[in-house]
Every structure is written in C-alpha cells, then in structure tokens.
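Visitor: I have a structure to go through and would like to know what stands behind each label. Could you take my questions in turn?

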Amino acid sequence: PSGKRKHFEIPDSSNVGYLKVLAQKSFGRGFLRLVNAQGVLLDPQESVQAAGIQDGDTLTAIVQTAKIAVTDEAFAFWCNEGNRVA
C-alpha cells in the first residue's frame with residue numbers, strides 16, 4: 001500500500017490466498033485484495049499457476065476498508081466487495 005514494494009518467493013504449489021496472507025503480514029494490513037498487471041482481481045482460492053502468476057510478476061495490493069453495522073441483537077462486519085468477515 002502507498003507505493004511500498006515487497007518481494008515474495010513462494011512454492012509453485014501455492015494458491016493466491018497464501019500470497020495474500022504474506023502481503024497482509026508484510027504490509028500490516030488485514031484486508032487486502034490482490035490485482036494482477038492487467039487489473040484483474042485475483043481469487044484467493046485459485047492456484048498461482050491458474051491465476052497466471054509467474055516469477056517476476058508485479059501484483060498490486062488494494063487495501064479494503066472494513067465496515068460495521070450494529071443493532072441491539074446482531075452485528076455485521078464486511079469489506080467493500082461484500083465479503084463477510086464475521
């Protein structure tokens with residue numbers, strides 16, 4: 001985020017979710033989405049190979065803003081794309 005760059009080396013058998021966790025820990029941000037050089041959001045469930053990620057590729061991490069809604073009986077916590085977190 002904000003122009004920071006990190007280099008990660010991951011096993012070929014990894015999925016995008018593993019790469020996302022590395023980025024979250026490295027940047028200290030819990031809610032990120034990864035985007036490839038073509039501007040396509042990457043699916044965390046997809047393998048790195050299926051996502052077309054190759055050695056030397058540059059990905060962008062987009063920080064998501066978490067939102068919360070609360071009532072007397074319940075709460076909802078979500079990110080911009082509507083992904084439920086809790």
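Visitor: What does the accessible surface of the protein come to, and what share belongs to carbon and sulfur atoms?

Guide: This is a predicted model. Its accessible surface is about 6,300 Å², and carbon and sulfur atoms hold 47% of that.

Visitor: Why is Phe75 called exposed?

Guide: Its relative accessibility is 53%. Exposed means over 50%, so Phe75 counts as exposed. Phe75 is placed in strand E4, residues 75–78.

Visitor: Why is Pro11 called partly exposed?

Guide: Pro11 has a relative accessible area of 44%. The label buried needs a value under 20% and exposed one over 50%, with partly exposed in between; Pro11 is therefore partly exposed. This residue lies in the segment before helix H1 (16–27).

Visitor: How far apart are Pro11 and Val48 in sequence and in space?

Guide: They are separated by 37 residues in sequence, and their C-alpha atoms are 9.2 Å apart.

Visitor: Which residues make the nonpolar surface patch?

Guide: Ile68, Val70 and Phe75 make it, and its area is about 340 Å². Nonpolar side chains are joined into a patch within 5 Å, provided each residue has over 30% relative accessible area and no salt bridge. Phe75, at 53%, is over that accessibility cut-off.

Visitor: How do you know that strands E3 and E4 pair?

Guide: Pairing requires at least two bridges. E3 (residues 67–70) and E4 are joined by four, so they count as paired, and they run antiparallel. The two strands form a hairpin, with four residues between them. Within this pairing, Ile68 of the patch stands opposite Phe77 in E4.

Visitor: What share of the residues is buried?

Guide: Of the 86 residues in the protein, 24% are buried, that is, under 20% relative accessible area.

Visitor: What pLDDT does the protein average, and where is confidence lowest and highest?

Guide: The average is 85, and 90% of the residues score at least 70. Confidence is lowest in E4, with a mean of 79, and highest in H1, at 94. Over residues 82–86 the pLDDT is below 50; that stretch has ten contacts in the model beyond near neighbours in sequence.

Visitor: What share of the contacts with a separation of 6 or more comes from residues 24 or more positions apart?

Guide: Such residues account for 45% of those contacts.

Definitions and conventions
Residues are numbered from 1 along each chain as its sequence is written. This is a predicted model: local features need pLDDT of at least 70, side-chain atom pairs count only at pLDDT 80 or more; totals for chains, interfaces and linings use all residues. Side-chain values use heavy atoms; hydrogens and water are left out. Patches are made of residues with over 30% relative accessible area and no salt bridge: like charges are joined within 9 Å, nonpolar side chains (Val, Leu, Ile, Met, Phe, Trp, Tyr) within 5 Å. Accessible areas come from the Shrake-Rupley method with a 1.4 Å probe; for residues, only the protein chains shown count as cover. A salt bridge is a side-chain nitrogen of Lys or Arg within 4 Å of a carboxyl oxygen of Asp or Glu. Buried means under 20% relative accessible area, exposed over 50%, partly exposed in between (1.4 Å probe, protein chains only). pLDDT is the predictor's confidence in each residue, from 0 to 100. Contact means heavy atoms within 4.5 Å.
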